[in-house]
Amino acid sequence: MCLPDISISFVNHEGPVIAGKDYELQCLIQNVAPSKTVSVRWYKRNQTISTDTIKTPISNMPKLKINTNKDDDGAQYRCEAELEAKGPQLKPIIDTTKLPSTVPVFRGYSEELICEAEGNPKPIISWSVNVDGDKLTVSE
């Protein structure tokens, strides 16, 4: 899969961003052949906040509405666009080398969990905690 050329701009806004106001960002995607499917993801501080799948040619640029506050000072937003792979559907496979089956956790200490998966289309990984709060489940 290759990445198309992308750029981000504000919709109908120039100048500084003011806390407490609403803004709209748009992701301009270029150099993508017609009839291709593109997966568009928006990130804030490297956390995914929105995902869309669109067809080219792109008549409507993907947009993201944001409401800023003082905690957003220095927050970086970015947009990624990735061509969807053509080919057979492949069931998601979780890379178990980076996700142990059991991770001991202790109150007051943080633990970083890494989960990666491969498949076609690209799998979306979700995390959930059971009602008792003593197990974390990874879903494909």
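Which charged end sits over the ring of Tyr43, and how far is it from the ring's centre?

Reply: The charged end of Arg78 sits over the ring of Tyr43, at 4.0 Å from the ring centre. A charge counts as sitting over a ring if NZ of Lys or CZ of Arg is within 6 Å of the ring centre and within 35 degrees of the ring normal. The model is predicted, so local features need pLDDT of at least 70 and side-chain atom pairs count only at pLDDT 80 or more, while totals for chains, interfaces and linings use all residues. Residues are numbered from 1 along each chain as its sequence is written, and side-chain values use heavy atoms, with hydrogens and water left out.

Next come the strands. They are DSSP runs of E of at least two residues, numbered from the N terminus; two strands pair if DSSP finds at least two bridges between them. Strand 3 and strand 4 are held in the antiparallel sense by 8 bridges, and Lys44 has Gln47 in strand 4 as its bridge partner.

Another open sheet, also of 3 strands, has the order 1-2-5 and antiparallel pairing. Here strand 1 (5-10) and strand 5 (63-67) are the edges, each pairing on one side only. Neighbouring strands of this sheet are turned by 25° against each other on average, direction ignored. Strand 2 (residues 22-30) runs antiparallel to strand 5, with 5 bridges joining the two; Tyr23 has Ile66 in strand 5 as its bridge partner.

Tyr23 also belongs to the 1 aromatic pair found in a search of the whole structure. Rings of Phe, Tyr and Trp (its six-membered ring) pair if their centres lie within 6.5 Å; planes under 30 degrees apart count as stacked, over 60 as edge-to-face and the rest as tilted. The ring centres of Phe10 and Tyr23 are 5.8 Å apart and the planes meet at 65°, so this pair is edge-to-face. Because Phe10 lies in strand 1 and Tyr23 in strand 2, the pair ties together parts 13 residues apart in sequence. Tyr23 is buried at 8% relative accessibility, whereas Phe10 is partly exposed at 30%. Buried means under 20% relative accessible area, exposed over 50%, and partly exposed in between, with a 1.4 Å probe and protein chains only.

The count of disulfides is 1, taking a pair of cysteine sulfur atoms within 2.5 Å as the rule. It joins Cys27 to Cys79, S to S 2.1 Å. Cys27 is in strand 2 and Cys79 in strand 6 (residues 77-83), so distant parts of the chain, 52 residues apart, are linked. The angle about the S-S bond is -85°, a left-handed link. Cys27 is buried at 0% relative accessible area, and Cys79 is buried at 5%.

Last, the largest nonpolar core has 14 residues, and Ile29, Val38, Val40 and Trp42 touch the most other members. Such a core is a set of buried Ala, Val, Leu, Ile, Met, Phe, Trp, Tyr and Cys residues joined through side-chain atoms within 4.5 Å. Strand 2, strand 3 (37-44), strand 5 and strand 6 each supply at least two residues of this core. Strand 2 gives the most, with 4 residues.

Conventions. Axes are lines fitted to C-alpha atoms, for helices over the stretch in contact, and angles run from 0 to 180 degrees between N-to-C directions.
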